Amino acid sequence: MPGKSVPVSLRLSEADAEFIATTSMLGAVTPSDKIRVLIKEARQRHAGASNYLESLKFYHGLLAPTLQREHVVEEAQAAHSELLIQFSNLLPEILAYVTANMPESGAKDAMERMTALEKGVADRLFGLFQQMLRLAVTGRSPCYDEAVIIDRLEPILELCDLIKASTKRGKEKSK
């Protein structure tokens, strides 16, 4: 059973009061309900600071209204963007990963944890790069603009060629 409610009085600026009154919050109608939602979000953010699942839940909730608008627009326009889907799936995951794995500045193992964090972020970003490359295989991506990925691929391929040549030279020198 939840604890007893405690009445709290507060003063808000006109701008803050207007924000509370005009902002839509899932399941919250009254200013009191909306302030409870804000407190709940702050608790989730705090809890997620060291807990991956709590952090993931928080970021999913934070992005949910935006992603719902995306789906509504896509439905109305009979359109779909696999690029936005892939990015939208990764965004809360990577934010939660970074939030939950960022060490405190005074932690004894801070550098070890930062190195592991860097590796985890690299894994996620390169996974996204691979997904984007897969979308370019046919030259027509399942996106609003079928050429959105292929049109941006040439500079990436040039960089890959340069990296490959540089790596090959480095290997030859070490022999």
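## Rings and helices: exercises

In this predicted model, F126 has 51% relative accessibility and therefore counts as exposed. Let's build on that.

**Exercise 1.** Find out whether F129 is buried, exposed or partly exposed.

*Solution.* Start with the cut-offs: buried is under 20% relative accessible area, exposed is over 50%, and partly exposed lies in between. Now take the value for F129, which is 44%, so this residue counts as partly exposed.

**Exercise 2.** Work out how the rings of F126 and F129 are arranged.

*Solution.* First, locate the residues: both lie in helix 5 (residues 110-135), 3 residues apart, which is about one turn of the helix. Next, look at the rings, whose centres are 5.2 Å apart.

**Exercise 3.** A search of the whole structure gives 2 aromatic pairs; describe the one formed by F58 and Y59.

*Solution.* Begin with the distance between the ring centres of F58 and Y59, 5.2 Å. Then use the angle: with planes at 70 degrees, the pair is edge-to-face because planes over 60 degrees apart count that way.

**Exercise 4.** Decide how helix 3 (residues 52-77) and helix 4 (residues 82-101) are oriented.

*Solution.* Their axes are 8 Å apart and the packing angle is about 155 degrees. Angles over 145 degrees count as roughly antiparallel, and therefore helix 3 and helix 4 are roughly antiparallel. Their crossing is right-handed. Residues making the contact include Y59 of helix 3 and Y97 of helix 4.

**Exercise 5.** Which ring does the charged end of R124 sit over?

*Solution.* Look at Y97: the charged end of R124 sits over its ring, 3.6 Å from the centre.

Terms used. Residues are numbered from 1 along each chain as its sequence is written. This is a predicted model: local features need pLDDT of at least 70, side-chain atom pairs count only at pLDDT 80 or more; totals for chains, interfaces and linings use all residues. Side-chain values use heavy atoms; hydrogens and water are left out. Rings of Phe, Tyr and Trp (its six-membered ring) pair if their centres lie within 6.5 Å; planes under 30 degrees apart count as stacked, over 60 as edge-to-face and the rest as tilted. Helices (H or I, at least four residues) and strands (E, at least two) are DSSP runs, numbered from the N terminus. Buried means under 20% relative accessible area, exposed over 50%, partly exposed in between (1.4 Å probe, protein chains only). A charge sits over a ring if NZ of Lys or CZ of Arg is within 6 Å of the ring centre and within 35 degrees of the ring normal. Axes are lines fitted to C-alpha atoms, for helices over the stretch in contact, and angles run from 0 to 180 degrees between N-to-C directions. Angles under 35 degrees count as roughly parallel, over 145 as roughly antiparallel, 65 to 115 as roughly perpendicular and the rest as oblique. A crossing is left-handed if the near helix is turned anticlockwise from the far one by less than a right angle, and right-handed if clockwise. Contact means heavy atoms within 4.5 Å.
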